[in-house]
Amino acid sequence: MSQQGYVAAPPYSQSQPGIGGFSAGFGPPNSSLHYGHYGDPNSSYSAPQPGVSKSTVPLGPSAPVGPPPPGTHQFSQTNFQNGPSTPGQQPHRFQGPPPPSNTGPSYPPYGHQSQPAYPNTASTSSTTQLANQLNSMQINSYGPGTTPSSRMSSGHPASFQGPQLPPPTQQQVALPPGSQVPPPANNVNGLCAQPSLPPMARQDGIPGSVPPNPNLQQLSGQPPGPGYHPQQANYGPQMAGSQLSYPGAFPGGPAQLSGPQQKKLDPDSIPSPIQVIENDKASRGGQIYATNTRGQVPPLVTTDCIIQDQGHASPRYIRCTTYCFPSSSDMAKQARIPLAAVIQPFAIVPPNEAPLYVVNHGETGPIRCNRCKAYMCPFMQFIEGGRRYQCGFCNCINDVPPFFFQHLDHIGRRVDHYERPELSLGSYEYVATLDYCRNNKPPKPPAYIFMIDVSYRNINSGLVKLICDELKTLLDKLPREEQEESSAIRVGFVTYNKVLHFFNVKSSLAQPQMMVVSDVGEVFVPLLDGFLVNFQESRSVVLNLLDQIPEMFADTNESETIFAPVIQAGMEALKAAECAGKLFIFHSSLPTAEAPGKLRNRDDKKLLNTDKEKTLFQPQVNSYEALARDCVANGCCVNLFLFPNQYVDVASMGLVTMYTGGTLYKYNNFQLDSDSPQFLSDLRKDVEKKTGFDAIMRVRTSTGFRATDFFGAIYMNNTTDVEMAAVDCDKAVTVEFKHDDKLNEDSGALIQCAVLYTSISGQRRLRIHNIGLNCSSQLADVYKTCETDALINFFAKSAFKAVLSQPLKTVREILVTQTAHMLACYRKNCASPSAVSQLILPDAMKVLPVYMNCLLKSCVLVGRPEIPTDERAYHRQLVMSMGVADTQLFFYPQLLPIHSLDLKSDAVPAAVRCSEERLSEGGAFILANGLSMFLWLGVSAPPELIQGLFNVPSFAHISTEATLLPDLDNPFSKKIKSILEHIQSQKPYNKTSLCLHSFFMPLIIVKQREQPEMLFRQFLVEDKSIYGGASYVDFLCCVHKEICQLLS
Ligand SMILES: [Zn+2]
């Protein structure tokens, strides 16, 4: 390796505006908000040509649908399974430049073989009953091996089996096809409450053949029949665009019962997220997952395994919606599966996985392709004895610089292949040269500025003192590079109400000095020297200041605050100091003082469910966008800690945080006693977080496709450069790709993500993540390699972006329509012929409907007067920067039974499905979604458990005030506390990982049948929501009906 250091080098390529140049020209962010994928979302579904589906997917013998094998206790895995697929059967098409380890997968490429299509626990005795229940809704889940022609032609026997059910009755039993119930008059997501009905009623008839019912205005449903619940009688006005028919809650109720009796669908018969998670854990958990094969589907985010980088980026850094892209744009449009990657460039890797190597190519900087500027990586193929290389992205032939020359071995691989991370690994870093630095000067270490609202309420509540006391110890924990003794990060302090107070804490001073800036119209920084200091050097002055601040403002009467000038001041201070950094702003109220960015209370519930609802998510004044732009341009990341007692307009106040890669924390009605642990934990984690500053990300792709849209806590100056004032370990950017041209199945679809950033010690670096995906002209290959968790991440972010510009109803409808399109296309092109009444789900998308329904029920997408506008804006902002593991947990919470614990075991109990049916009066459950955590207690919960946990004799004695469990010396208490800690401190399920949750989850104690239970029930996401969102079963029916319409 060459020497380090910043030295002059040839001019940095101009073909990559933004990096190095930090060019201006800042358009409105996200100005072109297109929602929908592959063209107009409202355009009618272009059904696949019949010939295509039949000719390209030879289906072989049709699904044997027979009775379960004798002696079967359960619908065991193999019963519903589509036959084991062995690694050898997985087509490996990679014939281009070999990745570092193309010597054969050490891991089965696709490990979902053993998943049962219908996880359930039905015993033999209930088989018949279950079969009958299933008759009312037949769901097939075809495994990966069922349909692809490659599998069939490989001589593998047709292994796909439909549900092991008795043959269907002679009458085709179908889902009610047309119960397309328009939303009730309030038009809230069509959320028809239907609690007392069985979720699913059977109805005979072939979907599509039912004539439209004029009463239902083209909706082909049956009129309400017997058993129709009065509550249902609210057929409202027809929804606009009737083919977009998500009624939110597809009620089973109105189904005409022409069958002998109404049958309830067994929840166990529909695909279970828990079962999918557990199956993946069972088949892939605890193993080593080597990334040596292009297009390999990684274990689920919920599966704990050790990842070995062997040429493609770890799934901790990049996860894709599918690992096999359709080879043509037409195919992509047909399937409507979003092609996207969720990139978490600074994700934390557990200690048992290798950290990133740093590569130094010396004074000329990292080697890059002359044409497309891709960085040297495993996708470059060396030719001509090693003197030249062909770029895997643009195919350009480049000369190998003399210093980098190396001979090739007999298979054409450089002999130093395994010695160089940039040739053999998916992820690594480059030392960046001066060309990559702002103004061609080496960066200074970043700075953290703490900016405290010292208005009356914050002083009075004790918050200011709490913050100051905490900082005294926290400043010793500023992040540092491992080889450094102390942190290079400098710190500064500002307090404010209607005016700003800067503090000089220079080490030579005996006392800190305060300088007041009262002209908040044009903020200037009153001091340069002494404002940003090294904490260790200025320790005594800083500690002195932190002692004084609460007293200094103890008698304040000032209740009005400014906000935008605070950000402006912090940004100007960083700019003056010529460094990047983070602002930590602790703020409580709507900034109503006369100043730029002044806000008024514009919350208006009357806007809900109107076309103007979107304005609630937009900033109320333009100045925040301009401020965000300036902050990004100056590498100023804004972390906002909000302590509101009422509406504070999160949509406006959080905007700069959002666009600068910051994190928004919100503590409603903050109470010092009960809420301090949460706030302090969040603050500590944030201060200690590993972060990249002044970052710019560029995603390059091989020919035929390109990145077209980006979602995250980011700012886009142009169409290609993703700017982030800072990017921390929790932030993920979701990138959507579209075709330019046909993709080459041999060379695949290659992606390189490069993040240029300044490290915490002030080094300019490039972090590179490479991943190769397969391409196929077989739709089945695309479906087989989908990752539902990544799909949901994409759908959530694209929908939450779209709410800024489109009516929420439209956004919801698009989600439903697209779900139906994806599944209909699979059925039409990939699945065996089957009764139209069957709902067929691709194995890899088995739980897409349940997750999609959870997303549809999110408070962001459902406007209800009960849900505070700020809460919706807050959730929206959080989700926009989440990675796949975060969105998975957020939309489908973890529900753990704790009443039947094995006290001797260390294991966390297995999760159960988020439905009231899983609760029991005699039980106790923990529920967590990454943001909130509940302890739910049934009225008949075991007394010994109650005694053990709360030290009270009975259920009635339990106080729900506490946000912590008492420390008690008994096995119950210790065990539950350890489970809570586990959930709190670690990514769920992931024992080896040290990935902390971004947010501390306060514990909310909920007693069955007491009022707070309503809050808890919102998280039972498989049930009908108290705000009207559909139950899982109802949503399945709704989607199935849409599919039937699309196929008819
Ligand atoms: Zn190139």
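**Strand β8 and its surroundings**

Modeller: Strand β8 pairs with strand β26 (residues 733-739) in the antiparallel sense, over 4 bridges; pairing requires at least two DSSP bridges, and strands are DSSP runs (E) of at least two residues, numbered from the N terminus. This is a predicted model, in which local features need pLDDT of at least 70 and side-chain atom pairs 80 or more, while totals for chains, interfaces and linings use all residues. Residues are numbered from 1 along each chain as its sequence is written, and side-chain values use heavy atoms, without hydrogens or water.

The zinc ion is held by the SG atoms of C369, C372, C391 and C394, which lie 2.3 Å from the metal (donors are N, O and S atoms within 2.8 Å). The angles among these 4 donor atoms run from 99 to 116 degrees, and the site is tetrahedral (all angles between 85 and 135 degrees). The donor residues follow the spacing C-x2-C-x18-C-x2-C. C369, in the loop between β9 (358-359) and β10 (381-383), and C394, in the loop between β11 (388-390) and β12 (397-399), are 25 residues apart, so this pair links distant parts of the chain. Both C369 and C394 are buried.

A search of the whole structure gives 36 aromatic pairs (ring centres within 6.5 Å; planes over 60 degrees apart count as edge-to-face). The rings of F403 and F404 have centres 6.1 Å apart and planes at 65 degrees, so they form an edge-to-face pair. F404 is buried, with a relative accessible area of 0%, whereas F403 is partly exposed at 38% (between 20% and 50%). Another edge-to-face pair joins Y659 and Y715, whose ring centres are 5.1 Å apart with planes at 80 degrees. Both Y659 and Y715 are buried. Finally, ring pairs link F586, F641, F643, Y665, Y667, F670 and F679 into a cluster.

Key. Rings of Phe, Tyr and Trp (its six-membered ring) pair if their centres lie within 6.5 Å; planes under 30 degrees apart count as stacked, over 60 as edge-to-face and the rest as tilted. Buried means under 20% relative accessible area, exposed over 50%, partly exposed in between (1.4 Å probe, protein chains only). Donors are N, O and S atoms within 2.8 Å of the metal (3.2 Å for Na, K and Ca); water is not among the atoms, so sites may look incomplete. Four donors count as tetrahedral if all angles lie between 85 and 135 degrees; four count as square planar and six as octahedral if opposite donors are over 155 degrees apart and all others between 65 and 115; anything else is irregular.
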